[in-house]
Amino acid sequence: MGATEAIATGEGQEAEAAALLERTRGTVDPELRRALAGLPGGMRRVAMYHFGWEHADGTPAAAPAGKAIRPALVLAAAQAVQGQGGTAGAGAAGTADGASAAAVVAAVAVELAHNFTLLHDDVIDKDVTRRGRATAWTVFGIPDAVITGDAVMALALKLLAEDPHPASAAASARLAACMVELCAGQQADCAFEQRRHVSLDECLVMATAKTGALLGCACALGALYAGAGPEEVDAMDAFGREAGLAFQLIDDLIGIWGDPGHTGKPAGADLLARKKSLPVVAALTSGTAAGEELAALYAGPMTGRDVHRAADAVERAGGRDWAQAHAADRMGRAVQQLSRAVPDLGAAGGLLALAEFVTRRTR
């Protein structure tokens with residue numbers, strides 16, 4: 001199956017992705033709960049609230065959980081590599097299901113690392129809601145939210161360090177390096193908000209570090225745990241990075257035009273915060289009258305009415321169309337990278353379904 005054909009066979013992939021994400025939550029959530037139970041009381045309470053499993057007073061809750069895209073990528077990558085004849089770790093029994101079972105610790109670590117970034121991002125961005133409920137920092141305060149985020153990241157590395165799987169040391173090093181890169185991307189993102197002019201190339205580099213790095217790392221860890229060689233691991237990382245950039249482009253579109261009933265955030269939240277997201281930077285650098293109009297709006301405080309005007313200006317300047325087209329292009333590149341690690345793309349159905357999901361989602 002070629003790259004173009006792989007993307008074109010999107011029929012039924014949304015259902016496959018939804019089923020894969022649901023299975024991942026069923027597999028990973030119990031291990032996440034077990035890991036978080038080991039945190040000291042105050043941090044455990046903040047973490048359990050953030051994950052949606054407890055109310056602020058510590059009583060059980062059933063808040064909407066995250067989509068589990070990153071741990072699903074770990075498990076799907078392990079399955080794909082195992083389907084190509086990789087050597088799974090101890091206890092994997094040489095099957096695709098065994099490869100996924102061996103990689104559950106890595107999937108949990110990646111989800112913990114992701115939530116470390118969310119706890120910190122909510123503080124940095126001053127977001128007051130996530131998944132339709134108050135963010136942790138607004139409930140427990142900034143110090144507790146930041147400290148809990150730090151502990152969650154340390155817990156992710158601890159899980160990998162203590163895992164007896166032969167790939168655990170390489171996985172731990174790779175995740176640590178990824179988080180340094182991700183933090184650099186976050187720092188650049190914050191710096192852009194203070195700058196009047198940001199180039200599209202700078203913005204793409206930032207987005208690749210901030211979002212693509214962790215998706216790439218997730219795929220690489222799955223490949224490592226399935227016994228892939230260095231070239232295949234790097235190709236899986238490249239696949240995840242390209243898919244991650246496509247994911248960020250769609251996320252940026254949702255940040256402007258997403259339905260608050262689905263996103264759990266106010267309409268145009270990114271515009272209100274004057275974030276230089278990819279569609280916005282594409283519009284600002286378009287050389288159009290609409291781009292100049294957007295620049296004028298971004299030069300001062302944004303009101304609710306200005307948000308609607310800014311969204312319209314981004315669209316008229318071509319930012320929306322550019323982001324949608326570039327997301328599709330990046331997914332094409334992602335599938336090409338995937339074919340280096342998994343020449344028979346038929347063995348990578350889960351990864352392709354997830355890639356299709358992240359570029360067609362609306363929330």
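The largest nonpolar core has 95 residues, of which L36, L112, L175, M179, M236, L338 and L351 touch the most other members. A nonpolar core is here a set of buried Ala, Val, Leu, Ile, Met, Phe, Trp, Tyr and Cys residues joined through side-chain atoms within 4.5 Å; buried means under 20% relative accessible area, exposed over 50%, and partly exposed in between (1.4 Å probe, protein chains only). The model is predicted: local features need pLDDT of at least 70 and side-chain atom pairs count only at pLDDT 80 or more, whereas totals for chains, interfaces and linings use all residues. Residues are numbered from 1 along each chain as its sequence is written, and side-chain values use heavy atoms, with hydrogens and water left out.

- Another core, of 15 residues, lies apart from the largest one, and its members include L294, L297, A310 and A317.

- Helix 17 (residues 319-341) comprises 23 residues and reaches 33 Å from its first C-alpha to its last.
- This span is close to the 33 Å expected at 1.5 Å a residue, where the expected value is 1.5 Å times one less than the number of residues.
- The buried residues of helix 17 are G319, A323, H326, A327, R330, M331, G332, A334, V335, L338 and A341.
- When residues up to four places away in sequence are not counted, L338 touches M236, F239, L345, A348, L351 and L352 (contact means heavy atoms within 4.5 Å).

**The buried residue E111**

- E111 lies in helix 6 (residues 104-125) and is buried, with a relative accessible area of 4%.
- The side chain of E111 makes a polar contact with the side chain of R25 at 3.3 Å; a polar contact is a pair of N or O atoms within 3.5 Å, and within protein one must be able to donate a hydrogen and the other to accept it, while residues adjacent in sequence count only if both atoms are side-chain atoms.
- Leaving aside neighbours within four places in sequence, E111 is in contact with R25, L32, F51, A68 and P71.

**Positive phi in loops**

- Most residues other than glycine have a negative phi.
- K126 has a positive phi, near 60°, and is placed in the loop between helix 6 and strand 1 (129-130).
- K126 counts as exposed, at 63% relative accessibility.
- R274 also has a positive phi, near 55°, and is found in the loop between helix 13 (269-272) and helix 14 (278-284).
- R274 is partly exposed, with a relative accessible area of 32%.

Definitions and conventions: Helices (H or I, at least four residues) and strands (E, at least two) are DSSP runs, numbered from the N terminus.
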